[in-house]
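Subject: A structure for you to look at

Hello,

Here is the structure I promised to hand over. Have a look around it, and then read on for what turned up.

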Amino acid sequence: MFNFFSDSSRKRRYPNPNRGSSHYQKGGFFGMGSSFSRSGSSSPRRQYGYQPYPRQGQHYGMPQQNQGYAASQSGSCICPNCGASVPAGSKFCLSCGAKMASAAFCPNCGKPVPQGAKFCPECGSPTGR
Amino acid sequence: MIFFRRAGCYTVESRLGGGRYGVCYLARDPEGRRVVLKKFRPKIWRENSGGNHHEAVILSGLDHPAIPEFLGVLNLPRGYFFILEYKQGTTLKDLLFHRHTEFTESMILRVGTQLLDILSYIHSRSVVHGDISISNIVDDGRQTALLDFGLARYTGGDLSVDLDHSCFGNVLLYLLYSRYRGKKFGAWYEELDLSAGKTLFLKRLMGLEAPFCDDAEVKEAFLTFFSD
Ligand SMILES: Nc1ncnc2c1ncn2[C@@H]1O[C@H](COP(=O)(O)OP(=O)(O)O)[C@@H](O)[C@H]1O
Ligand SMILES: [Mg+2]
Ligand SMILES: [Zn+2]
Ligand SMILES: [Zn+2]
C-alpha cells in the first residue's frame, strides 16, 4: 500500500479531506504531519468516502522533475567564476557558490527573467533594465 | 548525531531535522551568526540536478521576514549544502507532538493570520509552496515562519494555489485537534465541535465545497469565522 510513485499518488499532495482524530492526533506513518495523504493513514471506512470537490488543476506531476537548467522556463546563464550553467534567477552559482550579479525577477509577477531581458516573458511587464 | 563539526567556514552546532532530501544543521558563520546548512543527499544532487534548482531560484526571488533568505551554496567534498537564514522557533509538529501544546483560539487566529499573510505574499510572486505542513512551519510564540521550498514551483505548471489552501486547512485541523479529547469515530467535520461558519470555511479549503478564488477571500473568511 505504500507505493509512493503509483498513479494514485499523483494526487497525494492534496491532503485527504475526510480524516479525523485517528490521523490528526497520532499522525500517519513515516513521521507525523506530512501533508501527504498516505494510504493506510485514515480509517478504512473513510477511505471510501473520499469524494473531493473537482479541482481546477488536473494533473500533479512528480515533485522532482528531472529537467536540467536549460529546460527551465527562463533559461540559464554562465557562471563567470567556474563556467557552469546557472538557472536564471539563482542568486548563487549552484556549482561553485559564486554570487550571481545578473539574477533578476519580474517586478510584476515575480518570475525570474532571462539575463538582459527588457520585458518579462511571462507577463510582458517591463523588467526595469 | 552529527558527523562533522565544520563545513567550509561554518561551525556546525546541531542537527535541526531531516526529511526527504537530506538533513538540516544549525551552524554559525565566521561572524557568529546562526545559519542553516541544508545538506542534500549526494544521490539527489548528482542524478537530479534539475531538482533543487527550483528551490534555489524561488528562494532567490522571495524577500519576506517570515521566509528564510537564501544565503549561499557550499559544494564541498563532504557534501553539497544550501546556506539558509535561520528562523527561530519550534516546528508546529514538535509543538503538537513533543510539547503537547494546546492551541487556543487566539493562538490559532495569530498563526493562521500570519500564515495567510505569507501565502498572499508568495502567491503574489507566482509561487506555490506545495508542501505546507506542520513540519515546515516554525513558530516562536510571536511569529510564524514558512520553511522548505523544496517542492515549490511557479504557477502555470503542475501546481495551483488551491494546493496551498488545502494544506493550510490541513494545518488548521492539526491545531484544532490539539484540544480534542473526544472519541475517535469519524472525520473532522463529525468529531470536532465547530461553528457552521468554521466548518464551511474548512470544507472549502479542503476541497469538499466550492474552493476559494484567491487569498484575499480566504483571509476575509478566516478572520470572520476564527476571530470570535
Ligand atoms: N531556515 C530554517 N530555520 C529553522 N529551521 C529550519 C530551517 N530550515 C529547515 N529547518 C529545520 O529542518 C527541518 C528539515 O528541513 P526542510 O527544509 O523541511 O527539509 P526537507 O526537504 O528534508 O523536509 C525542518 O523541519 C526544520 O525543523
Ligand atoms: Mg520539510
Ligand atoms: Zn560557478
Ligand atoms: Zn512578469
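This is a predicted model: local features need pLDDT of at least 70, side-chain atom pairs count only at pLDDT 80 or more; totals for chains, interfaces and linings use all residues.

Let's start with the ligand. Which residues come nearest to ligand 1? Of the 17 residues around it, they are B:Lys38, B:Glu85, B:Lys87, B:Ser135 and B:Asp148.

Three of these names come back when we look at single atoms. In the side chain of B:Lys38, an N or O atom is 2.8 Å from an oxygen atom of ligand 1. B:Glu85 uses its backbone instead: a polar atom there is 2.8 Å from a nitrogen atom of the ligand. A nitrogen atom of ligand 1 also lies 2.9 Å from a backbone N or O atom of B:Lys87.

How much of ligand 1 does the protein bury? On its own the ligand exposes 540 Å², and 92% of that is buried by the protein. In chain B, strand 2 (10-18) and strand 4 (34-40) each give two or more residues to the shell. By type, the shell has seven nonpolar, five polar and five charged residues.

Finally, find B:Thr199 in helix 7 (residues 196-206) of chain B. Its relative accessible area is 17%, so B:Thr199 is buried. Beyond its neighbours within four places in sequence, B:Thr199 is in contact with B:Trp188, B:Tyr189 and B:Leu194.

Enjoy exploring!

Terms used:
Residues are numbered from 1 along each chain as its sequence is written. Chains are lettered from A and ligands numbered from 1 in the order in which they are written. Side-chain values use heavy atoms; hydrogens and water are left out. A residue is near a molecule or strand if one of its heavy atoms lies within 4 Å of it. A polar contact is a pair of N or O atoms within 3.5 Å; within protein, one must be able to donate a hydrogen and the other to accept it, and residues adjacent in sequence count only if both atoms are side-chain atoms. Accessible areas come from the Shrake-Rupley method with a 1.4 Å probe; for residues, only the protein chains shown count as cover. Helices (H or I, at least four residues) and strands (E, at least two) are DSSP runs, numbered from the N terminus. Ala, Val, Leu, Ile, Met, Phe, Trp, Tyr, Cys and Pro count as nonpolar, Asp, Glu, Lys and Arg as charged, and the others, Gly among them, as polar. Buried means under 20% relative accessible area, exposed over 50%, partly exposed in between (1.4 Å probe, protein chains only). Contact means heavy atoms within 4.5 Å.
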